[in-house]
Amino acid sequence: MAALAATCFLAAAALAGWLGWSIYRERAVRQRPADADAEQTMAGAPATGALAAPGLAASRSGWLRVLDAPTLVQVCKLSNALQQIHRESKLSQSTWDRDVAPAILGYLRFVQLLPASEAHHHAHVGGLAAHTIEVLHAAVTLRNGYLLPKGGAAEAIDAQRDHWTYAVILAALFHDIGKPMTDLRVSVADRPGGPGRQWLPVSGDMPTAGAVEYEVRFAPKAERNYGAHRRLPLVLAPRIVPATALAFVAREPSVMRQLEAAWSGDDATGVLTEIVRQADRRSAATNLQHGPRNQFATAAAVPLVDQLMSAIRRLLRQGALPLNRDGAAGWIGAGAAWFVAKRLADTVREEIAHTNPDDGASIPGPAKNDRLFDTWQDYGLLERNPDTGQAIWYVEVRGEGYAHEFAVLKFPLVKLFDSADDYPSDFDGELVVKPPRKTRDKRADEPPGDGQGGAPKPGDRPERQRASGPLTPPDIPPPKPAHAATRPSTGRDQPTSEVKTSEAKGHEVPATTANLGRKDEFLSDDDSVTSAATTSGRPRRRPPSATRPVTPFASVPKSDTDDAKSIHETPSDAAVRFMAWLQQGIADGSIPYNEAGAPVHFVPEGMALVSPRTFRDFAALYGDDGNGMDPDASPSDKLGIGIQRQVIKARWHLVGPGNSNVHHFGVLGRGGKRVGKLAAVVIKHPEHWFNPVPPSNPNIVSFVDPDSSEQSGASS
């Protein structure tokens with residue numbers, strides 16, 4: 001008996017020790033996602049797949065551990081972005097903590113570290129969470145440029161402000177929540193190394209389902225239902241959103257109806273769909289050009305862009321894309337290869353089908369060449385035509401004994417070759433960039449001397465340039481401003497100075513148009529950011545009359561030569577990106593102007609950019625250099641100062657008394673009484689950027705601020 005008792009005691013002690021060790025090991029495993037390796041991988045460092053972050057790996061190869069929401073925030077480095085979203089939302093801390101933060105954390109707990117796509121944008125570990133937070137940030141920022149409800153009275157706009165903010169947040173947060181059901185096949189296990197079973201998202205998140213680890217695989221293309229993906233938020237979101245948040249939105253029935261329509265996927269034209277679609281494209285485009293190219297270890301699809309570029313490089317090495325002769329596929333000039341668009345697409349498609357028949361079957365067919373063009377454009381591999389903002393250029397090729405005009409694609413040589421030593425010789429002829437054909441057809445229909453400055457005189461010829469020199473469009477006259485806004489009005493008509501399309505030493509501002517955007521869907525994995533944004537022929541609904549879209553003018557004006565300090569100044573890349581963003585936002589209505597609370601106002605002196613708000617809005621999205629926010633950066637009062645300084649250095653602005661860069665204006669209310677004031681950087685000659693120039697805002701008047709002893713502090 002004594003021996004039996006001793007044996008039982010020893011067995012119990014051993015069992016207790018084993019349990020203690022197991023508990024300690026499990027806690028250590030739960031803490032490991034916060035290690036440096038995991039954070040580095042989630043921040044976009046090179047990785048080979050899911051297991052590149054050891055702290056995230058589960059008990060078996062290819063599986064990931066189920067994490068709680070705070071750990072996901074830490075691993076995906078979302079803290080800084082969430083702080084910026086809170087700040088942009090203008091919601092109180094108590095409201096944020098009660099309604100918004102739980103919804104965001106619930107969403108992160110639901111999507112875990114799933115990807116947003118297999119071989120498109122945000123295909124890496126944690127890609128779906130990263131994409132959603134980027135969309136949320138962009139949507140909240142865009143929301144601040146809208147007066148909602150559209151066309152509503154001032155009282156209704158003020159009363160419903162927070163309701164619309166809630167609706168924008170919830171529409172953006174859950175716009176892709178259906179992807180785990182439609183695009184992925186996720187297996188979960190209830191214990192480390194335990195048997196796997198299919199996760200059913202409709203039954204709740206993985207922690208609620210008792211899962212401790214999971215494996216991600218991708219649904220076959222034939223089984224993916226994008227229509228269902230768009231409709232699923234209405235089913236899944238209400239299970240995650242706090243009841244208090246839904247109750248608050250429901251206090252304004254019209255706002256709740258808009259949110260339900262956005263979640264159901266049935267609303268193609270509503271303002272929530274419009275805002276989220278813009279934010280979705282912005283996030284996808286930024287990731288395609290600047291984000292990590294990692295894919296899940298289980299991803300089988302090869303990104304379309306990789307297939308296309310590999311094929312082009314093979315064809316160039318083999319000489320299958322003849323250059324610089326009559327009947328060639330392309331010509332070399334100005335540091336770029338100018339390929340005949342259709343011929344390049346068809347040849348590349350045939351090359352992929354011949355080399356990799358399985359991949360060739362997935363390439364868009366001959367009737368969808370625009371999909372190939374858009375893919376190259378989305379990834380920043382070709383240069384856009386600044387006259388249209390699209391991939392196609394029109395160039396007349398003039399060689400010995402021949403002259404032809406083609407629709408071409410412009411690829412910088414650095415994108416095609418590993419070394420400058422491999423570049424082909426320049427074309428010994430002339431390449432002449434011509435205006436878009438629609439523009440020429442329109443000019444041909446206009447009688448000479450109509451005042452538009454676009455009708456050529458008989459005998460005029462487009463500007464000719466050597467292919468080896470700078471290649472720029474022919475000189476064009478300046479757009480005719482709708483209102484004289486280049487200097488204070490004197491009651492007399494004032495002529496505008498001639499403006500030429502300028503290279504600004506290689507800096508180009510992509511043009512946009514007001515007729516952008518499809519209304520029937522968000523961006524899918526198979527859709528192109530560019531095609532969704534630029535190819536639709538349907539007109540865009542106009543924003544309120546106070547903020548009507550205008551057409552940006554595609555030149556980058558050089559600094560005024562009458563300023564001795566600026567003769568040799570060249571605008572920085574950051575300044576050019578800022579003005580392109582401003583052009584885009586004012587053109588599509590996402591940046592309001594000439595209305596209460598707008599960041600931009602047109603005044604007799606030029607275009608007033610409210611400081612620091614306008615620059616802070618840009619920096620919050622793209623950083624002070626326009627290349628994206630640093631994930632390690634912390635929000636501060638200095639956000640936007642860097643880009644403001646870059647714009648000041650470009651010397652496009654109006655310098656005031658005492659060499660000040662910031663001007664002060666009074667805001668007039670009813671009866672002409674001053675009800676407020678604002679500080680702004682004033683951009684001279686807005687007709688260089690917009691056509692027509694919007695009218696001046698009569699409620700914004702210049703005055704000397706007696707409280708400001710130093711006006712240029714933040715902008716110096």
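**Entry 1: a buried threonine**

I looked up Thr 132 and found it buried, because its relative accessibility is 0% (buried means under 20% relative accessible area, with a 1.4 Å probe and protein chains only). The model is predicted, so I note that local features need pLDDT of at least 70, side-chain atom pairs count only at pLDDT 80 or more, and totals for chains, interfaces and linings use all residues. Residues are numbered from 1 along each chain as its sequence is written, and side-chain values use heavy atoms, leaving out hydrogens and water.

Thr 132 lies in helix H6 (residues 127-143). I found a polar contact of 2.7 Å between the side chains of Thr 132 and Tyr 107 (a pair of N or O atoms within 3.5 Å, one able to donate a hydrogen and the other to accept it). Setting aside neighbours within four places in sequence, I list Tyr 107, Ala 172 and Leu 173 as contacts of Thr 132 (heavy atoms within 4.5 Å).

**Entry 2: H5 and H8**

I next examined H5 and helix H8 (residues 161-173), whose axes come within 11 Å and cross at roughly 10°. The two helices are therefore roughly parallel (angles under 35 degrees). Tyr 107 is one of the H5 residues in this contact, and Leu 173 is one of those from H8. By class, I recorded eight nonpolar, one polar and two charged residues in the contact of H5 with H8.

**Entry 3: H4 and H5**

I then checked helix H4 (residues 79-89) against helix H5 (residues 93-111): the angle is about 130° and the axes are 12 Å apart.

Note on methods: Axes fitted to C-alpha atoms, helices over the stretch in contact; angles between N-to-C directions. Helix = DSSP H or I, 4+ residues; strand = E, 2+ residues; numbered from the N terminus. Buried < 20%, exposed > 50% of the residue type's maximum accessible area, 1.4 Å probe, protein only. Parallel < 35°, antiparallel > 145°, perpendicular 65-115°, else oblique. Nonpolar A, V, L, I, M, F, W, Y, C, P; charged D, E, K, R; others polar.
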